[in-house]
Amino acid sequence: MRLILLGPPGAGKGTQAAFIGERFRIPQVSTGDILRAAVESGTALGKSAKEVKEVMDAGRLVSDDIIIGLVRERLKAADCGNGYLLDGFPRTLPQARAMRDSGIDLDFVVEIDVGPEEIIQRLSGRRVHPASGRSYHVKFSPPKTPGRDDLTGEPLVQRDDDREDTVRKRLEVYRQQTRPLVEYYSRWAAQGEPRAPQYRRISGLGSVTEIRDRVLAAIG
């Protein structure tokens with residue numbers, strides 16, 4: 001089982017990735033984790049990764065060539081023998097094309113479809129207790145006392161990433177950079193090419209369990 005999940009920030013990809021990994025016994029391969037491991041390993045690729053770490057930390061894009069090389073090396077590991085779930089990669093059309101050209105194959109591409117207003121409501125309503133990481137939502141899972149952690153009574157905060165203006169900016173970046181992957185993979189699948197992954201779109205609305213069941217049914 002080799003696949004990627006597509007969808008906007010806040011669509012629940014991380015939660016569903018955990019279910020998929022457990023069901024099929026495949027690792028969730030994150031480019032961020034790959035870069036950190038490569039840096040620690042001291043390999044040639046690791047030295048390259050170390051050189052670009054500052055670029056990544058500054059929020060700029062790491063060279064696609066370096067990322068592709070790191071991903072190819074990671075997928076040779078024994079834990080990828082049953083497959084893999086790529087997390088956060090590819091993010092752009094050039095990365096998707098480079099991945100295809102390099103021979104990194106996929107069985108499925110699954111899009112978790114959630115509209116922008118739903119995403120804004122989900123993320124902008126989130127509140128966290130900084131010390132413990134406990135998370136609440138002003139509408140869906142509010143604390144017993146508004147603005148206060150249930151266990152300590154300490155104030156809850158809204159993370160900068162969850163502020164509405166920031167969420168809208170993140171959604172715009174997704175629309176421009178990553179959303180085109182939907183058309184790319186759906187068109188490739190429709191061509192019937194032997195290497196083309198199967199494309200599935202599922203609704204990301206409903207409970208976590210309902211979404212999980214849709215995802216597993218789509219790739220089962």
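Start with the sheet: select five strands and you'll see an open sheet in the order β2-β3-β1-β4-β7, with parallel pairing. Strands here are DSSP runs of E with at least two residues, helices are runs of H or I with at least four residues, and both are numbered from the N terminus. Two strands pair if DSSP finds at least two bridges between them.

Before you go on, two notes on what you're looking at. This is a predicted model, where local features need pLDDT of at least 70 and side-chain atom pairs count only at pLDDT 80 or more, while totals for chains, interfaces and linings use all residues. Residues are numbered from 1 along each chain as its sequence is written, and side-chain values use heavy atoms, with hydrogens and water left out.

Now colour the edges of the sheet: β2 (28-30) and β7 (198-203) each pair on one side only. Neighbouring strands are turned by 25° against each other on average, ignoring direction. (Angles run from 0 to 180 degrees between N-to-C directions, and axes are lines fitted to C-alpha atoms, for helices over the stretch in contact.)

Next, pick β1 (residues 2-6) and β4 (residues 108-113), which pair in the parallel sense over four bridges. Zoom in on L3: it stands opposite F108 in β4. Contact means heavy atoms within 4.5 Å.

Move on to helix α8 (residues 180-190). How does α7 (residues 164-178) pack with α8? The angle is about 35°, and the axes are 5 Å apart. Show Y174, R175, Q176, Q177 and T178 in α7, which meet P180, L181 and V182 in α8.

Keep α8 and bring in α5 (residues 93-101): these two pack at about 35°, with axes 9 Å apart. On the α5 side, select L93, A96, R97, M99 and R100; on the α8 side, P180, L181, Y184, Y185 and W188.

Last stop: the second largest pocket, which holds about 160 Å³ of space. Select P8, E111, D113, V114, G115, P116, L171, Y174, R175 and R179 to see the lining. (On a 1 Å grid over the protein atoms alone, a pocket is an open set of points where a 1.4 Å probe fits, with protein on both sides within 12 Å along at least five of seven lines; lining residues have an atom within 4 Å of a point.) Which element gives the largest share of this lining? That's α7, with three residues.

Conventions. Points joined across faces, edges and corners; volume = space filled by probe spheres on them.
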